Amino acid sequence: MIYDFLHRPRRLRMNARIRDMVRETHLRLDDLIYPMFVTYKKGAKTPIASMPNCFQWGIDRIAEECRRIEDLGIPAVILFGIPEQKDAEGTQAYAEDGIIPQAIHAIKKACATLVVMTDVCLCEYTSHGHCGVLKGECILNDESVELLCKEALAHARAGSDVIAPSDMMDGRVEAIRETLDEEGFEYTPILAYSVKYASGYYGPFRDAAESAPAFGDRRSHQMDPPNRLEALRQAELDDAAGADILMVKPALPYLDILRDLRNELNVPLAAYNVSGEYSMVKAAAEKGWIDERRVVMENLIAIKRAGADMILTYHAPDVAIWLQENG
Ligand code: PBG
Ligand code: ZN
């Protein structure tokens with residue numbers, strides 16, 4: 001029996017050159033942002049047990065690592081600080097000579113073109129590990145926003161290229177924009193963690209950043225995982241408040257949300273391939289149960305296909321090497 005099929009999609013899958021020609025989505029070096037942890041501990045390159053190949057870097061060592069990142073062709077890093085002292089108001093978060101300002105100075109001296117983004121939140125700096133100031137067990141919104149504005153300003157003054165608030169307090173994008181503008185930083189962009197879910201996937205990060213809450217959880221400000229329309233509403237609010245880039249976080253369990261935002265909004269979108277997503281891949285790869293390179297590239301292309309313009313990922317240095325080796 002000889003068939004006469006008109007449509008044979010396999011025609012365009014028969015060899016690598018043709019597959020390349022019809023490929024719809026690409027992952028580029030320019031899409032990557034590498035998250036890094038800075039500690040006050042001198043000379044530190046402290047491994048993070050739950051995140052293989054990630055480290056807490058001492059202020060005196062982070063610049064050399066950033067040089068390596070820049071040399072790999074990765075355009076940007078985002079910094080998280082681990083201060084020496086924590087207190088109820090997170091004072092070190094907005095100290096002008098705090099850990100992040102010091103790290104920015106060191107990195108800017110060593111790296112000519114690297115984009116240095118800084119995470120703005122209080123949970124790494126408060127003794128109780130919450131993202132704002134407390135009254136009893138309640139996180140006070142407006143009082144916390146005031147401190148976040150001071151933190152954003154301290155980062156901008158030190159030379160941060162992009163301010164990235166991750167706290168999820170109401171009104172913080174508007175307030176930070178106003179503060180930056182008043183102080184002459186009207187050209188410093190804001191990357192807003194707009195759609196940040198209360199997720200179990202942040203577990204390893206809280207070890208890395210030493211920011212686990214002492215009691216309770218983050219459900220009073222981070223989003224409830226079952227909600228989809230609320231994500232769009234939250235994103236629209238941040239867009240209207242002047243955020244330059246909006247983020248969805250985590251990435252892989254929320255690809256539907258990324259696609260919703262892509263379809264509805266005309267702003268650049270970032271996705272955070274978070275610590276738990278990273279650790280799961282690393283753990284399975286260590287056991288020899290998956291092919292790490294293949295799975296990482298598949299995960300990241302899925303995030304781009306869903307609509308992300310850029311991806312924050314701990315895999316960035318590996319991916320940079322793989323991309324240079326061609327795919
Ligand atoms: C701080 C912050 C968190 C992450 C980024 N910024 C943790 C949290 O909200 O508890 C998570 C990043 C990751 O898991 O890789 N607010
Ligand atoms: Zn926080």
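Let's start with ligand 1. In this predicted model, 17 residues surround the ligand. The closest are Lys196, Arg206, Lys249, Ser275 and Tyr314. Keep Lys249 in mind, please.

What kinds of residues make up the shell around ligand 1? Nine are nonpolar. Three are polar, and five are charged.

Now the atoms. Take Ser275, one of the closest residues. An N or O atom in the side chain of serine 275 is 2.7 Å from an oxygen atom of ligand 1. Next, lysine 196. An N or O atom in the side chain of lysine 196 is 2.8 Å from an oxygen atom of the ligand. Then serine 166. Here the ligand atom is a nitrogen, 3.2 Å from an N or O atom in the serine 166 side chain.

How much of ligand 1 does the protein cover? On its own, the ligand has 400 Å² of accessible area. The protein covers 100% of that. And the space taken by ligand 1 is the largest cavity.

Back to Lys249. Lysine 249 is joined to proline 250 by a cis peptide bond. Omega there is about -10°. Where does proline 250 lie? In the loop between β10, residues 245–249, and α8, residues 255–264. So much for the bond; lysine 249 itself is among the residues closest to the ligand.

One more backbone detail, at asparagine 53. Phi of asparagine 53 is near 75°. That is a positive value in a residue other than glycine. Asparagine 53 lies in a loop too, between β2 (45–47) and β3 (55–58).

Last, the whole chain. The protein chain has 11 helices and 12 strands. Its radius of gyration is 21 Å. The globule rule gives 20 Å for 327 residues, so the chain is as compact as a globular protein of that length. Along the principal axes, the C-alpha atoms fill a box of roughly 80 × 45 × 40 Å.

Terms used
Residues numbered from 1 in each chain as written. Chains lettered and ligands numbered in written order. Predicted model: local features only at pLDDT ≥ 70, side-chain atom pairs only at ≥ 80, totals over all residues. Heavy atoms only, no water. Near = heavy atom within 4 Å. Polar contact = N/O pair within 3.5 Å; in protein donor to acceptor, adjacent residues only side chain to side chain. Areas by Shrake-Rupley, 256 points an atom, 1.4 Å probe, with all protein chains shown as cover. 1 Å grid on protein atoms, 1.4 Å probe; cavity = no way out; pocket = protein on both sides within 12 Å on 5 of 7 lines; lining within 4 Å. Sits in = over half its atoms within 2 Å of the grid points. Nonpolar A, V, L, I, M, F, W, Y, C, P; charged D, E, K, R; others polar. Helix = DSSP H or I, 4+ residues; strand = E, 2+ residues; numbered from the N terminus. Rg over C-alpha atoms; globule rule 2.2 N^0.38 Å.
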